[in-house]
Amino acid sequence: MPRVVGAPRGDNYVELAPTLTSTGGLGFQFQNGFYANLRYRYMHDRPAVQDASIIAQGYFVNDLISGYQAKKWGINLQIQNLFNAKWNEAMFAQETRLKGESASVEELTFTPGTPFMVKIGLTYKI
């Protein structure tokens with residue numbers, strides 16, 4: 001894991017620094033104009049604070065894109081987050097305090113990742 005040089009051991013993790021990431025996929029292009037792509041994005045768990053007391057959870061998300069492309073026009077179907085994985089896109093460790101709470105708490109705040117979603121796309125080349 002990435003570490004801060006010169007900081008005390010155990011309190012030297014680089015906040016939210018990726019430890020392992022990967023993207024890739026398989027693509028198929030057929031002579032009749034049809035195509036399909038299965039893609040993935042992966043991010044491993046990583047410390048959200050220097051002492052690693054809060055961990056930002058990693059994720060593995062798959063997308064499927066399939067369609068047809070003619071000379072001048074095309075249509076595609078995109079399925080994002082194919083297996084409806086629960087994941088967080090943006091994460092930060094922050095001190096928060098709700099109304100009525102006596103003390104603040106350091107915790108992970110986040111933006112949820114895209115849920116299962118279907119999109120249809122059309123293209124036309126001039």
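## Basis of the model

This is a predicted model, in which local features need pLDDT of at least 70 and side-chain atom pairs count only at pLDDT 80 or more, while totals for chains, interfaces and linings use all residues. Residues are numbered from 1 along each chain as its sequence is written, and side-chain values use heavy atoms, with hydrogens and water left out.

## Overall form

The protein chain has 0 helices and 9 strands. Its elements, read from the N terminus, are β-β-β-β-β-β-β-β-β. Here helices (H or I, at least four residues) and strands (E, at least two) are DSSP runs, numbered from the N terminus.

The radius of gyration of the protein chain is 21 Å, whereas a compact globule of 126 residues would have one near 14 Å. That radius is taken over C-alpha atoms, and the globule rule is 2.2 Å times the number of residues to the power 0.38. The C-alpha trace spans about 60 × 40 × 30 Å along its principal axes.

## Burial, contacts and charge

Of the 126 residues, 23% count as buried. Buried means under 20% relative accessible area, exposed over 50%, and partly exposed in between (1.4 Å probe, protein chains only). Contact means heavy atoms within 4.5 Å. Among contacts between residues at least 6 apart in sequence, 50% join residues at least 24 apart.

The chain carries 12 positive and 10 negative side chains, and the centres of the two sets lie 18 Å apart. Lys and Arg count as positive and Asp and Glu as negative, without His and the chain ends. The place of a charge is NZ of Lys, CZ of Arg, CG of Asp or CD of Glu.

## The nonpolar core

In soluble globular proteins, nonpolar side chains tend to be buried together. The largest nonpolar core in this model has 5 residues: A48, V49, I54, A56 and M91. Such a core is a set of buried Ala, Val, Leu, Ile, Met, Phe, Trp, Tyr and Cys residues joined through side-chain atoms within 4.5 Å.

Leaving out residues up to four places away in sequence, A48 touches E15, L16, I54, I55, A56, A93 and L108.

## Residues in strands

Y59 lies in strand β5 (residues 59–69). Y59 counts as buried because its relative accessibility is 15%. Apart from residues up to four places away in sequence, Y59 touches R41, Y42, M43, W87 and N88. F34 is 25 residues from Y59 along the chain, and their C-alpha atoms are separated by 30 Å.

G24 lies in strand β1 and is partly exposed, with a relative accessible area of 28%. Not counting residues up to four places away in sequence, G24 touches L38, R39 and Y40. G24 and E89 are 65 residues apart in sequence, and 18 Å separates them in space, C-alpha to C-alpha.

## Residues with positive phi

Most residues other than glycine have a negative phi. L16 has a positive phi, near 60°. L16 is placed in the segment before β1 (21–29), and it is partly exposed, at a relative accessible area of 21%.

N81 also has a positive phi, near 55°. N81 lies in the loop between β6 (73–80) and β7 (88–96) and counts as buried at 2% relative accessibility.
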